[in-house]
Amino acid sequence: MKTHEIINPPNLFMQNLLVGDEVQKSRRRLGDLMGLFQDHQSFELTSPDELVYEVYSYIPADEKSQGELNFGVTRLYPGKIGKEYFMTKGHFHTCEKSTEYYWGIEGEGLLVLMDQERNIRSEKMFPGSLHYIKAGMAHRVVNTGSTLLSFGACWPSDAGHNYDEIACNGFSARVLEINGLPQLISL
Ligand code: S6P
Ligand code: ZN
């Protein structure tokens, strides 16, 4: 008879947050998001220090490793620039075959997806919502509520992030508050 060792896994995912020394953190403030929002005049009136979102990531393997997975939690704060809600930068994956899961943890918002022909679709996000992001789809999250929107993500370690395409050409639709309601408007 052989007794196997029972391992303690990393205790990182606590109360829907990622915490611990192994967790990488990044913050995006308004000053990091120049050019993202449509209304440049309103943007100029804001403080560049205002926090828009924080990303907590557990990246256990090298980014070139195949078959490995990363895990993250993003916390996107409520707010608007003019009529446009706070949102993540959004990106395509560099490896066009890479898929990703998002799931809603807290708050409400929209996941905006855009294919390489710039066709748009959007899914509501709420606690418990599950989103399968297919290969080749750019993805961005918009906080349409008045409270924090928190969501989880799981993506291949070798996915890579292509922000340049979105920085140059944006998404082909924006989420604006029109008559008090979020609307997805094509440009
Ligand atoms: C990574 C995954 C998320 C985002 C995060 C911030 O593939 O999609 O962890 O990095 O939600 O969004 P963005 O567009 O600024 O990377
Ligand atoms: Zn991604």
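The legends below describe close-up views of a predicted model. Local features need pLDDT of at least 70, and side-chain atom pairs count only at pLDDT 80 or more. Residues are numbered from 1 along each chain as its sequence is written.

**View 1. The zinc ion (ligand 2) and its protein donors.** His 91 (NE2), His 93 (NE2), Glu 100 (OE) and His 139 (NE2) coordinate the zinc ion at 2.1 to 2.3 Å. Donors are N, O and S atoms within 2.8 Å of the metal (3.2 Å for Na, K and Ca), with water not among the atoms. The arrangement is octahedral because the six donor atoms subtend angles of 66 to 169°; six donors count as octahedral if opposite ones are over 155 degrees apart and all others between 65 and 115.

**View 2. His 91 and His 139.** His 91 sits in the loop between strand E7 (84-85) and strand E8 (92-93), and His 139 in strand E13 (residues 138-143), 48 residues apart. Strands (E, at least two residues) are DSSP runs, numbered from the N terminus. His 91 counts as buried at 8% relative accessibility, as does His 139 at 1%. Buried means under 20% relative accessible area and exposed over 50%, with a 1.4 Å probe and protein chains only.

**View 3. Lys 97.** This residue belongs to the loop between E8 and strand E9 (100-106). Lys 97 has a relative accessible area of 73% and is therefore exposed.

**View 4. Strands E4 and E5.** Strand E4 (residues 51-58) and strand E5 (residues 69-76) run antiparallel and are joined by six bridges. Glu 54 has Arg 75 in E5 as its bridge partner. Two strands pair if DSSP finds at least two bridges between them.

Conventions. Chains lettered and ligands numbered in written order. Heavy atoms only, no water. Tetrahedral: all angles 85-135°; square planar, octahedral: opposite > 155°, others 65-115°. Helix = DSSP H or I, 4+ residues; strand = E, 2+ residues; numbered from the N terminus.
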